[in-house]
Amino acid sequence: MPTKLHIYIIFLPFISIFLSSILFLFFQLFINKKYLLNLLISFFLISFSILFIIYKLSPNLSDQQIFYIIFAYLCNSYIFVTLIQMPISSLQLTLLRIIRLNPGISRKKIIKRYNSNHVFDERIKRLEATNIIYKNRSSLFLKNKKILLYLNFLLILKKIFNIKN
Amino acid sequence: MQVISNFIAFFLIYFFIQIILYRYFKININKLFIVLFIIGISIIIGFYSYSIELLMNLININLMIICFWLFIPGVINHGPALEIIYLIANKKINNEKKLRELFLKSKVSRAVEKRLNINISSNLIKFDKEGLFITKNTKKMLIFFDLIKKIYRLKSDAY
């Protein structure tokens with residue numbers, strides 16, 4: 001039979017991500033305008049509190065329960081970050097919004113209104129705003145090299161999946 | 001420890017199935033229908049098993065499958081921002097004009113058309129003689145994302 005501790009463990013990753021989202025909202029409203037930084041801070045603060053809870057409860061927790069709490073929290077965080085990121089940068093959603101604003105619009109008009117030049121300008125703007133790149137005269141340079149880890153990881157996966165650029 | 005190694009084995013098997021199916025047959029199993037099907041089966045098993053250990057494993061497996069569903073499309077069609085970073089970091093192109101030129105020449109420059117086709121094939125857009133329209137479900141989805149944007153005061157890149 002499940003005990004109170006079991007039920008608490010089952011719900012802990014979900015409660016944690018809820019708290020993380022509240023914390024993120026708080027940061028967005030009152031502290032910082034950089035959403036990526038806010039996301040990271042809220043994620044790490046809750047991660048540390050989870051680790052603290054695990055440490056406190058460790059005599060009563062099995063390896064599987066500790067693994068469950070950490071893995072489920074990481075997955076929930078990834079899902080939350082993706083949900084936040086989608087309305088910001090998803091091309092698919094942008095296209096759907098254009099069609100919602102202009103019902104009956106033709107394919108040609110969409111591509112005329114929102115082409116690769118627009119996409120390039122928008123992305124450069126966002127990369128600059130999030131301090132990933134910086135502009136020096138008419139040249140662009142990488143500022144945050146941590147993004148290369150993700151890029152290389154993705155390139156390796158592309159090779160494994162045999163996806164050509 | 002046994003349960004954890006079982007889970008890791010499941011993760012690796014699921015990952016290798018994805019690789020084999022995509023690499024050799026170009027089949028992407030990360031479809032909403034498949035995800036919902038697995039979640040449905042898990043709910044039934046979890047409901048009748050009365051085992052906390054199994055329930056925890058099922059939750060982890062389902063979360064992993066949802067994460068794959070969200071992650072793999074980004075690997076298959078990486079976004080324009082990553083292409084720009086790739087050109088700056090790997091191709092050492094820093095001049096903005098040249099960067100734009102190469103970006104427009106790359107496959108990612110057809111991202112708009114590609115995403116439009118994905119939207120049509122996944123029934124998010126209706127297509128008739130008059131032009132393109134969004135479906136009722138898409139409307140609901142957009143309202144949901146607009147709500148997220150409003151609540152968290154996010155600014156989208158466009159529109």
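1. Let's start with burial in chain A: buried residues make up 25% of its 165 residues. Here a residue is buried if 20 or more other C-beta atoms lie within 10 Å of its own, exposed if 12 or fewer, and partly exposed in between, with C-beta atoms placed from the backbone. In chain B, the buried share is 18% of 159 residues.

2. A word on what you are looking at. This is a predicted model, in which local features need pLDDT of at least 70 and side-chain atom pairs count only at pLDDT 80 or more, while totals for chains, interfaces and linings use all residues. Residues are numbered from 1 along each chain as its sequence is written, and chains are lettered from A and ligands numbered from 1 in the order in which they are written.

3. Chain A has seven helices and two strands, and from its N terminus the order is α-α-α-α-α-α-β-β-α. Helices (H or I, at least four residues) and strands (E, at least two) are DSSP runs, numbered from the N terminus. The radius of gyration of chain A is 21 Å, well over the 15 Å that the globule rule gives for 165 residues, so chain A is more spread out than a compact globule. That radius is taken over C-alpha atoms, and the globule rule is 2.2 Å times the number of residues to the power 0.38. The C-alpha atoms of chain A fill a box of roughly 60 × 45 × 40 Å along the principal axes.

4. Chain B likewise deserves a walk-through. Its secondary structure comes to seven helices and two strands, running α-α-α-α-α-α-β-β-α from the N terminus. With a radius of gyration of 20 Å, well over the 15 Å that the globule rule gives for 159 residues, chain B is more spread out than a compact globule. Its C-alpha atoms fill a box of roughly 60 × 40 × 40 Å, taken along the principal axes.

5. How do the two chains meet? The contact takes 70 residues from chain A and 66 residues from chain B. Two residues are in contact if their C-beta atoms, placed from the backbone, lie within 7 Å. On the side of chain B that touches chain A, H3(B) provides the largest share, 13 residues. By class, that side of chain B has 44 nonpolar, 10 polar and 12 charged residues. For these classes, Ala, Val, Leu, Ile, Met, Phe, Trp, Tyr, Cys and Pro count as nonpolar, Asp, Glu, Lys and Arg as charged, and the others, Gly among them, as polar.

6. Which residues touch the most other members of the largest nonpolar core? Of its 27 residues, they are A:Ile99, B:Ile84, B:Leu87, B:Ile88, B:Leu99 and B:Phe103. A nonpolar core is a set of buried Ala, Val, Leu, Ile, Met, Phe, Trp, Tyr and Cys residues joined through C-beta atoms within 7 Å. H4(B) gives the most to this core, with six residues. Domain 2 (79-122) and domain 3 (123-159) of chain B both give residues to this core, so the core lies between them; the domain bounds come from an automatic or database domain assignment.

7. Look at B:Ile84 up close. Leaving out residues up to four places away in sequence, B:Ile84 touches A:Arg123, A:Ile124, A:Leu127, B:Leu99 and B:Phe103.

8. A helix of chain A is worth a look too. The buried residues of H4(A) are A:Leu91, A:Leu93, A:Thr94, A:Leu95, A:Leu96, A:Arg97 and A:Ile99. Their cover includes helix H3 (63-89) and helix H5 (107-113) of chain A, along with H6, S1, S2 and H7 of chain B.

9. Next, the strands of chain B. Strand S1 (residues 125-128) runs antiparallel to S2(B), and four bridges join them; two strands pair if DSSP finds at least two bridges between them. S1(B) and S2(B) form a hairpin with two residues between them. B:Phe127 stands opposite B:Leu132 in S2(B).

10. Finally, two loop residues to check. B:Lys26, in the loop between H1 and helix H2 (32-49) of chain B, has a phi near 55 degrees, a positive value in a residue other than glycine. B:Lys26 is exposed, with 11 other C-beta atoms within 10 Å. B:Tyr50 lies in the loop between H2 and H3 of chain B, and its phi is also near 55 degrees. B:Tyr50 is exposed, with 10 other C-beta atoms within 10 Å.
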